[in-house]
Amino acid sequence: MLDFITTERKLQSALSIERYIHTMGVVKTALKMADTFQADRYKVQAAALLHDCAKDYPPDMKRRFCKEFHVNVDEIMLNCIDLTHAFLGAEVARREYGVEDEEILDAIRYHTTGRKNMGIIEKIVFIADYIEPNRKAFDTLEEARKLAFENIDTAMAFILKSTIDFVNERKRPLHPLSVEAFEYYSGIVKLGGNI
Ligand code: FE
Ligand code: FE
């Protein structure tokens, strides 16, 4: 089991102040969601706490650690090195923070791109990352905050759509995992008649 106090202390030196504040916001929101959806509070807290643990590594360090930790870096991540922070973060959580639980590691690994058929811990961290209270207001934030506690799959579809639109508007490369995830969740939501 992770000692959260020690982990928080370690994160404080690995992250910028803003990132640390963001992280604590994600933990708070994720735990609220864990209670709403009866998810394992320990796993949710561990994954939320560590989700951005590799985000503030400088680009060269990200590249080097990806190599060293055998993180698969595809073409899209190579062009947008920041995208590796989720996949690399899972490996850093395993090696530097001693996390062994695959559910926690997957939640860290897929918190940026999403993927189809995510587990409850993965969905909670993905959504909490988007809606945490320290996020500056933007168009789709209030709707996402509302959906997050009403229907978690609708929230997934909504946030994935907003993220895809955002990336496309900026003409940045879109990760295929996100497209796959959006197709999957918008399909589920349609079946359920919620959108
Ligand atoms: Fe992140
Ligand atoms: Fe984050």
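**Figure 1. Polar contact between His22 and Glu132 in the predicted model.** In this predicted model, the side chains of His22 and Glu132 form a polar contact at 2.8 Å. His22 belongs to helix α2, which spans residues 17–36. With a relative accessible area of 9%, His22 falls under the 20% limit and is therefore classed as buried. Beyond residues up to four places away in sequence, His22 touches His51, Asp52, Asp129, Glu132, Asn134 and Arg135.

Figure 2. Asp52 and Asp129 are both buried.

Figure 3. The protein donors of the iron ion (ligand 1) are OD of Asp52, NE2 of His85 and NE2 of His111, which lie 2.1 Å from the ion. Their spacing along the chain is D-x32-H-x25-H. Asp52 is located in the loop connecting α3 (41–50) and α4 (59–68), and His85 in helix α6 (residues 84–95), so this pair joins parts that are 33 residues apart in sequence. The relative accessible area of Asp52 is 3%, and the residue is buried. His85 likewise counts as buried, at 3% relative accessibility. Asp52 bridges the iron ion (ligand 1) and the iron ion (ligand 2), and the two ions are 3.4 Å apart.

Figure 4. In total, six aromatic pairs are counted. One of them is formed by Phe87 and Tyr110, an edge-to-face pair with a centre-to-centre distance of 5.8 Å and an angle of 75° between the planes. This pair links distant parts of the chain, 23 residues apart: Phe87 is in helix α6, and Tyr110 is in the loop between α7 (102–109) and α8. Both Phe87 and Tyr110 are buried. The ring centres of Tyr184 and Tyr185 are 4.9 Å apart, and their planes meet at 80°, so this pair is edge-to-face. Tyr184 has a relative accessible area of 28% and is partly exposed, whereas Tyr185, at 1% relative accessibility, is buried.

**Figure 5. An aromatic cluster and charges over rings.** One aromatic cluster is made up of Tyr57, Phe65 and Phe69. Within this view, the charged end of Arg64 sits over the ring of Phe65, at 5.4 Å from its centre. Elsewhere, Lys10 lies over the face of Tyr97, with a distance of 4.5 Å to the ring centre.

Conventions. Residues are numbered from 1 along each chain as its sequence is written. Chains are lettered from A and ligands numbered from 1 in the order in which they are written. This is a predicted model: local features need pLDDT of at least 70, side-chain atom pairs count only at pLDDT 80 or more; totals for chains, interfaces and linings use all residues. Side-chain values use heavy atoms; hydrogens and water are left out. Donors are N, O and S atoms within 2.8 Å of the metal (3.2 Å for Na, K and Ca); water is not among the atoms, so sites may look incomplete. Helices (H or I, at least four residues) and strands (E, at least two) are DSSP runs, numbered from the N terminus. Buried means under 20% relative accessible area, exposed over 50%, partly exposed in between (1.4 Å probe, protein chains only). Rings of Phe, Tyr and Trp (its six-membered ring) pair if their centres lie within 6.5 Å; planes under 30 degrees apart count as stacked, over 60 as edge-to-face and the rest as tilted. A charge sits over a ring if NZ of Lys or CZ of Arg is within 6 Å of the ring centre and within 35 degrees of the ring normal. A polar contact is a pair of N or O atoms within 3.5 Å; within protein, one must be able to donate a hydrogen and the other to accept it, and residues adjacent in sequence count only if both atoms are side-chain atoms. Contact means heavy atoms within 4.5 Å.
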